[in-house]
Amino acid sequence: METLKFKTNINCAGCIKAVTPHLEKAEGIKHWEVDTANPAKILTVDAEGISAETIEQVVKKAGFEIAPL
């Protein structure tokens, strides 16, 4: 399992609620959390068998910006 970190614009409870079904549906994401207190709104993902690019696509599909750190 690897831990991946991304800069996002997921910045509030409503945003987390919107992205949750997309991230929880993606196979290979074991755990995820967003640090909304951090100015870069860091998304941390514990992943196994899913690429960073796929996670980026999932978050973009949910309507948010994302970039690898």
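This report walks through the fold, the core and the surface of a predicted model.

## Ground rules

Residues are numbered from 1 along each chain as its sequence is written, and side-chain values use heavy atoms, with hydrogens and water left out. Because the model is predicted, local features need pLDDT of at least 70 and side-chain atom pairs count only at pLDDT 80 or more, while totals for chains, interfaces and linings use all residues.

## Overall fold

Let's start with the big picture. The chain has two helices and four strands (DSSP runs: H or I of at least four residues for helices, E of at least two for strands). Follow the sequence and you'll read β-α-β-β-α-β. The radius of gyration, taken over C-alpha atoms, is 11 Å, close to the 11 Å from the globule rule for 69 residues, so the chain is as compact as a globular protein of that length. That rule is 2.2 Å times the number of residues to the power 0.38.

## Inside the core

Of the 69 residues, 39% count as buried, meaning under 20% relative accessible area with a 1.4 Å probe, protein chains only. The largest nonpolar core has 20 residues; such a core is a set of buried Ala, Val, Leu, Ile, Met, Phe, Trp, Tyr and Cys residues joined through side-chain atoms within 4.5 Å. β1 (2-8), α1 (13-25), β2 (29-35), β3 (42-47) and α2 (52-61) each supply at least two of its residues.

Leu-23 is among the residues with the most contacts inside this core. Leaving aside residues up to four places away in sequence, Leu-23 touches Ile-29, Trp-32, Leu-43, Val-58 and Val-59 (contact means heavy atoms within 4.5 Å).

Terms used: Buried means under 20% relative accessible area, exposed over 50%, partly exposed in between (1.4 Å probe, protein chains only).
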